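Here are my notes on the model, as numbered points. Please read them with the structure open.

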Amino acid sequence: MKKKFNLFFGIFFAFTCLIMLASCGKKAYQLNFIASIGGSVEGEVSQSVNKGEDATAVTAKADAGYVFVQWSDGSVAATRTEVGVEADKTVCAIFERAFTVTFVAGENGKIGEDQSVSQVVCFQKNTSTVEAIPNKGYVFVKWSDGDTSATKTVYGVTSNKTLTATFALAPVENPKA
């Protein structure tokens, strides 16, 4: 009976040692995902990941009136998965206040190829340039803010706004003059 007990104990001890040796080489790293004002991080925001393994995906979600810009380590993808983790890491999702600038074509014209174009722009940034294009037989007159250039860029945006392009019948040249 004593030999059976010693054999059982020996096998159990050897098996336990193997398990302990296998787990001794694994180092767990701590990953933390946080958010600046204007948004949140969805998913498991605090993860303990074994060396060389992959974390689960997290996603930066902007609140209303904000846009996701990037992570503090420069990554610009809103959803990220840390692959082959080798160190502790904390990254912050960065959000900025955003505004909508809408360019609308009045009667007898369009904005580029559309009747209206909306652009979401971060605080104090500029819109892309748009162009008010009159229909055949019409001319561009002005934007609702008084600007008389058919091409329009709004600089240093600090609020939502709508700008409407006005068009008028093109003057007819008098052939008798």
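1. Start with a term. Two strands count as paired if DSSP finds at least two bridges between them. With that in hand, look at phenylalanine 140: its bridge partner is phenylalanine 167 in β13. Keep in mind throughout that this is a predicted model.

2. Overall make-up. The protein chain has one helix and 13 strands. Reading from the N terminus, the order is α-β-β-β-β-β-β-β-β-β-β-β-β-β. The chain counts 177 residues, and 25% of them are buried. Take the contacts with a separation of 6 or more: 54% of them are between residues 24 or more positions apart.

3. Pairing around β13. Strand β13 covers residues 161-169 and runs parallel to strand β7, residues 89-105. Five bridges join β7 and β13. In this pairing phenylalanine 103 has leucine 163 of β13 as its bridge partner. Strand β11, residues 138-143, also pairs with β13, here in the antiparallel sense. That pairing, too, has five bridges. As background, strands of a sheet pair through backbone hydrogen bonds, either parallel or antiparallel.

4. The β2-β4-β6 sheet. Three strands make up this open sheet, in the order β2-β4-β6, with antiparallel pairing. Its edge strands are β2 (39-43) and β6 (79-80), each pairing on one side only. Strand β4 spans residues 58-62 and pairs with β2 over five bridges. Within that pairing, the bridge partner of valine 41 is alanine 60 in β4.

5. The β8-β10-β12 sheet. This is another open sheet of three strands, ordered β8-β10-β12 and antiparallel. The edges are β8 (109-111) and β12 (151-152); each pairs on one side only. Strand β10, residues 130-134, pairs with β8 over three bridges. Lysine 110 stands opposite isoleucine 133 of β10.

6. Alanine 57. Where does alanine 57 lie? Alanine 57 is in the loop between β3 (46-50) and β4. Alanine 57 counts as partly exposed because its relative accessibility is 40%. Setting aside neighbours within four places in sequence, alanine 57 contacts Gly43, Thr79, Arg80 and Thr81. Alanine 57 and threonine 79 are 22 residues apart along the chain, yet their C-alpha atoms are separated by 6.6 Å.

7. The salt-bridge network. The structure holds seven salt bridges. Asp73, Arg80, Glu82 and Lys89 are linked in a network of them. Inside it, arginine 80 bridges to aspartate 73, with the closest N and O atoms 2.7 Å apart. Aspartate 73 also meets lysine 89 in a salt bridge, at 3.5 Å from N to O. This second pair links distant parts of the chain: aspartate 73 sits in the loop between β5 (66-71) and β6, and lysine 89 in strand β7, 16 residues apart.

8. Is arginine 80 buried or exposed? Arginine 80 has a relative accessible area of 8%, and the cut-off for buried is under 20%, so arginine 80 counts as buried. Aspartate 73 has 39% and is therefore partly exposed. Lysine 89 is partly exposed as well, with a relative accessible area of 30%.

9. Which aspartate meets lysine 152 in a salt bridge? It is aspartate 145, at 2.7 Å from N to O. Lysine 152 is buried, with a relative accessible area of 6%. Aspartate 145 counts as partly exposed, because its relative accessibility is 45%.

10. Places to view. For the parallel pairing, display β7 with β13. For the antiparallel one on β13, display β11. For the network, display Asp73, Arg80, Glu82 and Lys89 together.

Technical notes:
Residues numbered from 1 in each chain as written. Predicted model: local features only at pLDDT ≥ 70, side-chain atom pairs only at ≥ 80, totals over all residues. Heavy atoms only, no water. Helix = DSSP H or I, 4+ residues; strand = E, 2+ residues; numbered from the N terminus. Salt bridge = Lys/Arg side-chain N within 4 Å of Asp/Glu carboxyl O. Buried < 20%, exposed > 50% of the residue type's maximum accessible area, 1.4 Å probe, protein only. Contact = heavy atoms within 4.5 Å.
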